Amino acid sequence: MILVTGATGNVGRELVTRLAAAGVPVRAMTRSPEKAGFPAGVEAVAGDFDKPGTLPAALAGVDRVFVVPPGYGPEGPVQERALVAAAREAGVEHLVKLSTSGVGFGATDPLTSGHRQGEQVVQESGLAWTVLRPGTFMANLYGYAGTIGKERTMYVTEGDPVSAMIHPRDIASVAAEVLTTSGHEGRAYTLTGGAALSPHRQAEIVGEALGQEVTVVERTEAETQAEFDRLGWGGPRLEALLELKRQSAAWDWKISESVEQITGRPPLTLRHWVDENLHLFG
């Protein structure tokens, strides 16, 4: 039995679907299982990292766990600590942690630092472990959908990095292999797409799919912060994201071959993702 935490997220839902389609016994943990709409055959269970009392039932009879904590606060990876303690008690054999590529490149921004500490908790758990470190998600383009739909304009921040963006389905495909085959214990894999794309090239790909040009407008960091403050999305999390972008310019363009090596096929392209989500862009 495999437990997928973060089961309604970009990667978790893809992973649950893939495992179920392969006939692998899978349990999906979410705060509201009645609303999740998982495929037939999936055992949905209520569980919350912030409520450790819910974890033993979710972990009962589980052999392997896909670990996706909802986030990191100033107190550090308390969620992973709670999960590790419950996993040990339940007799879990293997933890597969979803992390971020910046850990492998020495990034010090708050988001990466949280994942680094979380990795340490998993690696020191006494259980077999594997870490998956994806770079920028193609799904981040959701954030531009509103203005692309209304104005055919993509507002980016000056210095936004060239990114070897990855389709969440590729992360899920790697996770499925790691969770169902041996030989991945004690390994950390950097995961990327197969092409390094600038924000301008990303806009071109969206425009090609739409059949209309998408213009890129660069904002200063101050302008981005002002806009996010106006929308009520500013504050420490935005500052952490901007710091991650600053640092990731040094590595986000680097392409890893791990997806093809582990799954046996090349990564999906950004055009794949855009075509699947074209309705978002109007």
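Just after helix α3, G91 takes a positive phi of about 80°. Helices here are DSSP runs of H or I with at least four residues, strands are E runs of at least two, and both are numbered from the N terminus. This is a predicted model, in which local features need pLDDT of at least 70 and side-chain atom pairs count only at pLDDT 80 or more, while totals for chains, interfaces and linings use all residues. Residues are numbered from 1 along each chain as its sequence is written, and side-chain values use heavy atoms, with hydrogens and water left out.

Let us step back into α3 itself. The helix covers residues 78-90, 13 residues in total, and reaches 18 Å from its first C-alpha to its last, close to the 18 Å expected at 1.5 Å a residue; that expectation is 1.5 Å times one less than the number of residues. Q79, E80, A82, L83, V84, A86 and A87 of α3 are buried, where buried means under 20% relative accessible area, exposed over 50% and partly exposed in between (1.4 Å probe, protein chains only). These buried residues pack against α2 (55-59), β4 (64-67), β5 (94-98) and α4 (110-123), with contact meaning heavy atoms within 4.5 Å.

One of these residues, E80, also meets K97 in a salt bridge, defined as a side-chain nitrogen of Lys or Arg within 4 Å of a carboxyl oxygen of Asp or Glu. The pair links helix α3 with strand β5, 17 residues apart, and both E80 and K97 are buried. The whole structure holds 14 salt bridges, including these:

| Salt bridge | N to O distance |
|---|---|
| E14 and R169 | 3.3 Å |
| E80 and K97 | 3.0 Å |
| E243 and R246 | 2.3 Å |

E14 lies in helix α1 (residues 10-21) and R169 in helix α6, so their bridge ties together parts 155 residues apart in sequence. E14 is partly exposed at 23% relative accessibility, and R169 is partly exposed at 22%. E243 and R246 sit three residues apart in helix α9 (residues 236-248), separated by about one helical turn.

Now for the nonpolar side. A nonpolar core is a set of buried Ala, Val, Leu, Ile, Met, Phe, Trp, Tyr and Cys residues joined through side-chain atoms within 4.5 Å. The largest has 51 residues, and V4, L15, F66, L132, L141, L270 and F281 have the most contacts inside it. Helix α6 (residues 168-180) gives the most to this core, with seven residues. A second, separate core of 22 residues includes L55, V62, V121 and W129.
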